[in-house]
Amino acid sequence: MTQPRTGVLGAGAWGTALAQMLASDGRDVLLWARESDLVEEINTQHRNTPFLPSAVLSDNIRATGDLAEMAELDMLLVVTPAQHLGSVLGEMPAHPLDLVLCSKGIERGTGRLMNEVAKAIAPDSAIAVLSGPTFAHEVADGLPTAVTLACGGKEAQWQRLAPQIARKNFRPYYTTDVAGAEVGGSVKNVLAIACGVVEGLGMGQNARAALIARGYAEMLRFGEELGAERETLAGLCGLGDLVLTCNSTSSRNFSLGKALGEGRTAEELMADRKTVAEGAHTAPVLAELARDKGIAMPIVFAVERLLEGDPVDEVVSALLARPLRAENPPQD
Ligand SMILES: NC(=O)c1ccc[n+]([C@@H]2O[C@H](COP(=O)([O-])OP(=O)(O)OC[C@H]3O[C@@H](n4cnc5c(N)ncnc54)[C@H](O)[C@@H]3O)[C@@H](O)[C@H]2O)c1
Ligand SMILES: O=P(O)(O)OC[C@H](O)CO
């Protein structure tokens, strides 16, 4: 049987690391990059210096800037920044294929999760979500990693995708809970900004652990409203990713928060970013959704205020001065 033809849409750090992981058993991988000089660099130097400078890429990764070429493949990992997923998929010629969404975020302006964005643009494609605790440089280095692969209720989809995606050191775990997989990855990015602020302010490890636990309660409340299962959020794509991202300066979201805590302004930090800190884009839309649905998400609201430029000490004081309450059931 011939192998399905596989591609990765987006050659940032994560798309490039996933291409490297997929190519690790000798299969050919087509990688779409938006920047023509990056297409050239990947094909001639086997490097991606703007987004994943540490990796030497496999010879069997070929880059292209042609979306029509990507539409001819069988399976595509979609790894654009969340806010651009709709525009990139929309520019691709319509062909039914297996789409595996790897971006983490909620679309501003519409409040849609990525699977909802993709379904509206590619209704004939089968859509799955891949999410979990996954720093790109570690996956590119072949270090052991496990992810959630959410397949929308269809066992056949999992049976088809798992052998295409799993590798010796890259283990997908199956769920049917697409909303859960997406909520985990989207909300943890916002919470990682908050944990970075705690680090930047030197508030200590106790405060960080408290934020992770209370932030997780916010993730559960929001997820429940969207039909996500608590078990999914307790897994790789929820708690697993929350713990990773809230504890490392390898995280762009955590680092952004740390810089805010150290006194830099959101405006200057966002002004000339080349890499994406998804939490900064998700926080306003997540906060808006939470207000609309009447979900208490005080940490998310605090991050929203910080990104709007409110003074860090005021925001933190307000969070600490909230009325005392029961821990369980987590109400607000
Ligand atoms: N880096 C990681 O470790 C990691 C791990 C898991 C998930 N993710 C998720 O993967 C997604 C992509 O992140 P990344 O780290 O690969 O990106 P990155 O920060 O390394 O690179 C930025 C990417 O944005 C693209 N871009 C910029 N402007 C664009 C536009 N107008 N239209 C389309 N694309 C544009 C660039 O071409 C580049 O591919 C994000 O949702 C992120 O949360 C990242
Ligand atoms: O660098 P971050 O904060 O975008 O986090 C990367 C991944 O999402 C970690 O799983």
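Is Gly132 buried or exposed? In this predicted model, Gly132 has 23 other C-beta atoms within 10 Å; because a residue with 20 or more is classed as buried, Gly132 is buried.

Gly132 sits in the loop that runs between strand 6 and helix 6 (136-140). Leaving aside residues up to four places away in sequence, Gly132 touches Ala146, Val147, Thr148, Leu236, Cys237, Gly240 and Asp241. One of these, Asp241, is listed together with Gly132 in the UniProt record under "binding site". That entry is unreviewed, and its list also holds Lys104, Thr134, Lys188, Ser251, Arg252 and Asn253.

Lys104, another position on the UniProt list, lies in the loop between strand 5 (98-101) and helix 5. Lys104 counts as buried, since 28 C-beta neighbours fall inside 10 Å. Its contacts, again without residues up to four places away in sequence, are Ala82, Ser131, Gly185, Ser186, Asn189 and Glu278.

**The two domains**

The protein chain is split into domain 1 (6-176) and domain 2 (179-320). Taken over C-alpha atoms, the centres of domain 1 and domain 2 are 24 Å apart. Across the boundary, 26 residues of domain 1 are in contact with 26 residues of domain 2. On the domain 1 side, at least two residues each come from helix 5 (114-121), strand 6 (126-131), strand 7 (145-150) and strand 8 (170-175). Strand 7 contributes the most to this side, with four residues. Sorted by class, the side of domain 1 that touches domain 2 comprises 15 nonpolar, nine polar and two charged residues.

**His46**

His46 is not a glycine, yet has a positive phi of about 55°. Most residues other than glycine have a negative phi. His46 is found in the loop between helix 2 (36-45) and strand 3 (61-64). With 14 other C-beta atoms within 10 Å, His46 is partly exposed.

| Residue | Other C-beta atoms within 10 Å | Class |
|---|---|---|
| Lys104 | 28 within 10 Å | buried |
| Gly132 | 23 within 10 Å | buried |
| His46 | 14 within 10 Å | partly exposed |

Which residues of the table does UniProt list for "binding site"? Lys104 and Gly132 are among those in the unreviewed entry.

How values were computed:
Residues numbered from 1 in each chain as written. Chains lettered and ligands numbered in written order. Predicted model: local features only at pLDDT ≥ 70, side-chain atom pairs only at ≥ 80, totals over all residues. Domains from an automatic or database assignment. Contact = placed C-beta atoms within 7 Å. Nonpolar A, V, L, I, M, F, W, Y, C, P; charged D, E, K, R; others polar. Buried ≥ 20, exposed ≤ 12 C-beta atoms within 10 Å, placed from the backbone. UniProt positions renumbered as here; feature names shortened; annotations may be inferred.
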